[in-house]
Amino acid sequence: NHSPICSCNPGFTGDPFSRCFPVPPPPPPPADPIIRDPCVPSPCGPNSQCRDIGGSPSCSCLPDYQGTPPNCRPECTINPDCPSNQACMRQKCRDPCPGSCGAGAQCNVINHTPVCTCPEGYTGDPFTSCFPKPPDVEPVQASDPCNPSPCGPNAQCNNGICTCLPEYQGDPYSGCRPECTINPDCPSNQACMRQKCRDPCPGSCGAGAQCNVINHTPVCTCPEGYTGDPFTSCFPKPPDVEPVQASDPCNPSPCGPNAQCN
(Lines give C-alpha, C1' and ligand atoms only; values in the text may rest on other atoms or scores of the structure.)
Protein backbone atom coordinates (compact mmCIF):
# COMPACT_ATOMS: atom_id res chain seq x y z
CA ASN A 1 0.00 0.00 0.00
CA HIS A 2 2.71 2.41 -1.17
CA SER A 3 4.78 1.65 2.03
CA PRO A 4 8.09 -0.21 2.22
CA ILE A 5 8.01 -3.39 4.35
CA CYS A 6 11.30 -4.39 5.97
CA SER A 7 12.10 -7.91 7.17
CA CYS A 8 15.28 -9.83 8.09
CA ASN A 9 16.52 -12.40 5.62
CA PRO A 10 16.23 -16.12 6.46
CA GLY A 11 18.84 -17.09 9.03
CA PHE A 12 18.93 -13.54 10.44
CA THR A 13 17.07 -11.86 13.28
CA GLY A 14 16.79 -8.44 14.90
CA ASP A 15 14.96 -5.20 14.15
CA PRO A 16 14.74 -4.92 10.35
CA PHE A 17 14.39 -1.17 10.71
CA SER A 18 17.71 -0.84 12.50
CA ARG A 19 19.91 -3.99 12.19
CA CYS A 20 19.66 -7.72 11.38
CA PHE A 21 22.27 -10.21 12.64
CA PRO A 22 22.73 -13.96 12.23
CA VAL A 23 20.55 -16.24 14.38
CA PRO A 24 22.89 -17.78 17.05
CA PRO A 25 23.17 -21.56 16.94
CA PRO A 26 21.17 -23.50 19.56
CA PRO A 27 23.11 -24.43 22.72
CA PRO A 28 24.45 -28.00 22.83
CA PRO A 29 22.22 -30.48 24.67
CA PRO A 30 23.25 -31.04 28.31
CA ALA A 31 25.40 -34.09 28.97
CA ASP A 32 23.65 -37.08 30.55
CA PRO A 33 24.37 -37.19 34.31
CA ILE A 34 26.53 -40.08 35.45
CA ILE A 35 24.49 -42.35 37.69
CA ARG A 36 26.67 -43.85 40.43
CA ASP A 37 25.60 -46.73 42.66
CA PRO A 38 26.31 -45.68 46.29
CA CYS A 39 26.43 -49.37 47.26
CA VAL A 40 29.41 -50.22 45.02
CA PRO A 41 31.63 -50.80 46.84
CA SER A 42 29.39 -51.51 49.82
CA PRO A 43 30.10 -49.34 52.89
CA CYS A 44 28.09 -51.66 55.17
CA GLY A 45 30.62 -54.27 56.29
CA PRO A 46 30.27 -58.06 56.55
CA ASN A 47 26.94 -59.86 57.09
CA SER A 48 25.00 -56.78 55.95
CA GLN A 49 23.09 -55.56 52.91
CA CYS A 50 23.11 -52.15 51.19
CA ARG A 51 20.17 -50.41 49.49
CA ASP A 52 20.19 -47.29 47.31
CA ILE A 53 17.76 -44.85 48.95
CA GLY A 54 17.62 -41.62 46.96
CA GLY A 55 21.25 -41.89 45.93
CA SER A 56 22.48 -42.59 49.47
CA PRO A 57 23.46 -45.99 50.90
CA SER A 58 21.16 -47.53 53.53
CA CYS A 59 22.74 -50.39 55.50
CA SER A 60 20.97 -53.16 57.41
CA CYS A 61 21.96 -56.56 58.78
CA LEU A 62 21.15 -59.68 56.78
CA PRO A 63 18.24 -61.85 58.00
CA ASP A 64 19.16 -63.97 61.05
CA TYR A 65 21.94 -61.53 61.94
CA GLN A 66 21.85 -58.92 64.69
CA GLY A 67 23.68 -55.75 65.63
CA THR A 68 24.26 -52.58 63.63
CA PRO A 69 26.34 -52.38 60.41
CA PRO A 70 29.26 -52.71 60.12
CA ASN A 71 29.09 -54.94 63.21
CA CYS A 72 26.44 -57.49 62.15
CA ARG A 73 26.88 -60.90 63.72
CA PRO A 74 24.94 -64.15 64.13
CA GLU A 75 23.19 -64.92 67.41
CA CYS A 76 26.06 -67.25 68.30
CA THR A 77 29.12 -68.98 66.85
CA ILE A 78 30.20 -71.10 69.84
CA ASN A 79 28.34 -72.52 72.87
CA PRO A 80 29.61 -69.89 75.38
CA ASP A 81 27.71 -67.24 73.36
CA CYS A 82 24.46 -68.85 74.62
CA PRO A 83 22.96 -69.31 78.12
CA SER A 84 24.32 -72.39 79.88
CA ASN A 85 21.03 -74.27 79.29
CA GLN A 86 21.27 -73.85 75.51
CA ALA A 87 23.78 -74.75 72.80
CA CYS A 88 24.86 -72.99 69.60
CA MET A 89 23.27 -74.93 66.74
CA ARG A 90 23.57 -73.47 63.22
CA GLN A 91 24.35 -70.02 64.69
CA LYS A 92 21.19 -70.12 66.85
CA CYS A 93 20.90 -70.65 70.62
CA ARG A 94 18.64 -73.69 70.95
CA ASP A 95 17.72 -76.42 73.39
CA PRO A 96 20.08 -79.33 72.56
CA CYS A 97 17.80 -81.92 74.22
CA PRO A 98 15.34 -82.76 71.38
CA GLY A 99 16.56 -85.93 69.71
CA SER A 100 19.48 -86.46 72.12
CA CYS A 101 17.96 -88.99 74.55
CA GLY A 102 16.21 -92.32 74.17
CA ALA A 103 12.53 -93.14 74.69
CA GLY A 104 11.34 -92.52 78.24
CA ALA A 105 14.55 -90.73 79.29
CA GLN A 106 14.75 -87.26 80.79
CA CYS A 107 17.20 -84.63 79.57
CA ASN A 108 18.96 -81.87 81.50
CA VAL A 109 21.32 -79.36 79.90
CA ILE A 110 24.51 -78.86 81.88
CA ASN A 111 27.00 -76.31 80.55
CA HIS A 112 25.46 -76.40 77.01
CA THR A 113 25.58 -80.24 76.91
CA PRO A 114 22.51 -82.52 77.07
CA VAL A 115 22.77 -85.09 79.89
CA CYS A 116 20.35 -88.04 79.60
CA THR A 117 19.18 -90.06 82.60
CA CYS A 118 16.42 -92.55 83.29
CA PRO A 119 13.71 -91.28 85.70
CA GLU A 120 13.43 -92.70 89.17
CA GLY A 121 11.88 -96.16 89.05
CA TYR A 122 13.15 -96.74 85.50
CA THR A 123 16.28 -98.38 84.18
CA GLY A 124 18.05 -98.99 80.86
CA ASP A 125 20.31 -96.99 78.59
CA PRO A 126 19.00 -93.38 78.64
CA PHE A 127 20.46 -92.83 75.16
CA THR A 128 18.41 -95.74 73.76
CA SER A 129 15.41 -96.54 75.95
CA CYS A 130 14.33 -96.45 79.60
CA PHE A 131 11.83 -98.98 80.92
CA PRO A 132 10.26 -99.60 84.36
CA LYS A 133 12.43 -101.47 86.76
CA PRO A 134 11.14 -105.02 87.22
CA PRO A 135 9.74 -105.76 90.67
CA ASP A 136 12.09 -107.30 93.17
CA VAL A 137 11.94 -111.04 92.97
CA GLU A 138 12.72 -113.23 95.91
CA PRO A 139 15.77 -115.28 95.13
CA VAL A 140 14.95 -118.85 94.29
CA GLN A 141 18.36 -119.95 95.40
CA ALA A 142 19.98 -118.23 98.33
CA SER A 143 23.34 -119.31 96.96
CA ASP A 144 23.04 -117.12 93.79
CA PRO A 145 26.27 -115.06 93.86
CA CYS A 146 24.67 -112.40 91.68
CA ASN A 147 21.60 -111.81 93.88
CA PRO A 148 22.03 -109.30 95.31
CA SER A 149 24.47 -108.14 92.69
CA PRO A 150 27.95 -107.28 93.93
CA CYS A 151 28.43 -105.07 90.87
CA GLY A 152 28.28 -101.32 90.61
CA PRO A 153 26.16 -99.24 88.20
CA ASN A 154 26.42 -100.02 84.46
CA ALA A 155 27.99 -103.43 85.22
CA GLN A 156 26.71 -106.96 84.74
CA CYS A 157 27.17 -110.01 86.96
CA ASN A 158 27.89 -113.51 85.72
CA ASN A 159 28.32 -116.19 88.40
CA GLY A 160 29.56 -113.61 90.86
CA ILE A 161 32.01 -112.03 88.41
CA CYS A 162 31.32 -108.41 87.46
CA THR A 163 32.12 -106.89 84.08
CA CYS A 164 31.28 -103.50 82.58
CA LEU A 165 28.46 -103.26 80.08
CA PRO A 166 29.51 -102.86 76.42
CA GLU A 167 30.95 -99.38 75.68
CA TYR A 168 31.42 -98.69 79.40
CA GLN A 169 34.69 -98.68 81.32
CA GLY A 170 36.04 -98.51 84.86
CA ASP A 171 35.81 -100.71 87.94
CA PRO A 172 32.70 -102.93 87.58
CA TYR A 173 32.53 -103.45 91.37
CA SER A 174 32.30 -99.72 92.15
CA GLY A 175 30.67 -98.46 88.96
CA CYS A 176 31.30 -98.31 85.22
CA ARG A 177 31.04 -95.11 83.26
CA PRO A 178 30.84 -94.17 79.58
CA GLU A 179 33.84 -92.71 77.81
CA CYS A 180 32.39 -89.25 78.44
CA THR A 181 29.24 -87.44 79.58
CA ILE A 182 30.30 -83.80 79.06
CA ASN A 183 32.85 -82.15 76.78
CA PRO A 184 35.55 -81.61 79.47
CA ASP A 185 35.82 -85.42 79.74
CA CYS A 186 37.41 -85.39 76.25
CA PRO A 187 40.60 -83.85 74.82
CA SER A 188 40.15 -80.21 73.83
CA ASN A 189 40.12 -81.12 70.12
CA GLN A 190 37.16 -83.48 70.56
CA ALA A 191 33.58 -83.22 71.85
CA CYS A 192 31.38 -85.64 73.79
CA MET A 193 28.85 -87.01 71.28
CA ARG A 194 26.57 -89.83 72.44
CA GLN A 195 28.99 -90.64 75.26
CA LYS A 196 31.93 -90.92 72.84
CA CYS A 197 34.82 -88.50 72.32
CA ARG A 198 34.64 -87.63 68.64
CA ASP A 199 35.71 -84.97 66.15
CA PRO A 200 32.78 -82.46 66.05
CA CYS A 201 33.85 -81.00 62.69
CA PRO A 202 32.14 -83.40 60.19
CA GLY A 203 28.89 -81.79 59.04
CA SER A 204 29.44 -78.55 61.01
CA CYS A 205 30.82 -76.25 58.28
CA GLY A 206 29.70 -75.22 54.80
CA ALA A 207 31.18 -76.17 51.43
CA GLY A 208 34.79 -75.03 50.99
CA ALA A 209 35.18 -73.99 54.66
CA GLN A 210 37.85 -75.22 57.03
CA CYS A 211 37.11 -76.42 60.56
CA ASN A 212 39.22 -76.15 63.71
CA VAL A 213 38.18 -77.49 67.10
CA ILE A 214 38.77 -74.98 69.91
CA ASN A 215 37.85 -76.05 73.43
CA HIS A 216 35.60 -78.88 72.16
CA THR A 217 33.74 -76.54 69.78
CA PRO A 218 34.02 -76.59 65.95
CA VAL A 219 34.99 -73.15 64.61
CA CYS A 220 34.36 -72.68 60.87
CA THR A 221 36.36 -70.19 58.78
CA CYS A 222 36.84 -69.52 55.08
CA PRO A 223 40.40 -70.23 53.82
CA GLU A 224 42.70 -67.39 52.81
CA GLY A 225 41.61 -65.92 49.48
CA TYR A 226 38.00 -67.04 50.01
CA THR A 227 34.96 -65.26 51.41
CA GLY A 228 31.35 -66.02 52.29
CA ASP A 229 29.51 -67.59 55.22
CA PRO A 230 31.69 -70.48 56.48
CA PHE A 231 28.58 -72.17 57.91
CA THR A 232 26.97 -72.23 54.43
CA SER A 233 29.54 -71.86 51.63
CA CYS A 234 32.94 -70.25 50.93
CA PHE A 235 33.85 -69.02 47.45
CA PRO A 236 36.90 -67.24 45.93
CA LYS A 237 37.11 -63.52 46.57
CA PRO A 238 36.27 -61.50 43.40
CA PRO A 239 39.16 -59.46 41.93
CA ASP A 240 39.37 -55.81 42.95
CA VAL A 241 37.55 -53.50 40.50
CA GLU A 242 39.06 -50.15 39.65
CA PRO A 243 36.58 -47.32 40.39
CA VAL A 244 35.11 -45.60 37.33
CA GLN A 245 36.42 -42.04 37.03
CA ALA A 246 33.68 -39.46 36.42
CA SER A 247 34.27 -37.43 33.20
CA ASP A 248 34.72 -33.65 33.49
CA PRO A 249 32.50 -31.86 30.92
CA CYS A 250 34.73 -28.75 31.26
CA ASN A 251 37.93 -30.57 30.23
CA PRO A 252 38.59 -29.63 27.51
CA SER A 253 36.57 -26.42 27.86
CA PRO A 254 33.85 -25.89 25.26
CA CYS A 255 33.88 -22.10 25.99
CA GLY A 256 35.54 -19.38 23.97
CA PRO A 257 38.16 -16.85 25.07
CA ASN A 258 37.49 -14.81 28.21
CA ALA A 259 34.73 -17.28 29.25
CA GLN A 260 34.52 -19.76 32.11
CA CYS A 261 32.94 -23.25 32.22
CA ASN A 262 30.99 -24.49 35.23
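Author: Ser100 belongs to the loop that runs between strand E8 (92-94) and strand E9 (106-110). The model is a predicted one. Ser100 counts as buried because its relative accessibility is 18%, and buried means under 20%. A polar atom of the Ser100 side chain lies 2.6 Å from the backbone oxygen of Pro96. Leaving aside residues up to four places away in sequence, Ser100 touches Pro114, Cys116, Phe127 and Arg194.

The largest pocket holds about 1,100 Å³ of space. Its lining is made up of 36 residues, and those nearest the centre are Cys88, Met89, Met193, Pro200 and Ser204. Strand E7 (87-89), strand E10 (113-117), strand E17 (191-193) and strand E20 (217-221) are the elements that each give two or more residues to the lining of the largest pocket. Sorted by class, this lining has 18 nonpolar, 16 polar and two charged residues. Domain 2 (82-132) and domain 4 (180-237) each supply at least three residues to the lining of the largest pocket.

The second largest pocket has a volume of about 600 Å³. It is lined by 21 residues, with Cys39, Val40, Pro41, Ser42 and Val241 nearest its centre. Twelve nonpolar, five polar and four charged residues form the lining of the second largest pocket. At least three of the lining residues come from each of domain 1 (39-74) and domain 4 (180-237).

Notes: Residues numbered from 1 in each chain as written. Predicted model: local features only at pLDDT ≥ 70, side-chain atom pairs only at ≥ 80, totals over all residues. Heavy atoms only, no water. 1 Å grid on protein atoms, 1.4 Å probe; cavity = no way out; pocket = protein on both sides within 12 Å on 5 of 7 lines; lining within 4 Å. Points joined across faces, edges and corners; volume = space filled by probe spheres on them. Helix = DSSP H or I, 4+ residues; strand = E, 2+ residues; numbered from the N terminus. Nonpolar A, V, L, I, M, F, W, Y, C, P; charged D, E, K, R; others polar. Domains from an automatic or database assignment. Buried < 20%, exposed > 50% of the residue type's maximum accessible area, 1.4 Å probe, protein only. Polar contact = N/O pair within 3.5 Å; in protein donor to acceptor, adjacent residues only side chain to side chain. Contact = heavy atoms within 4.5 Å.
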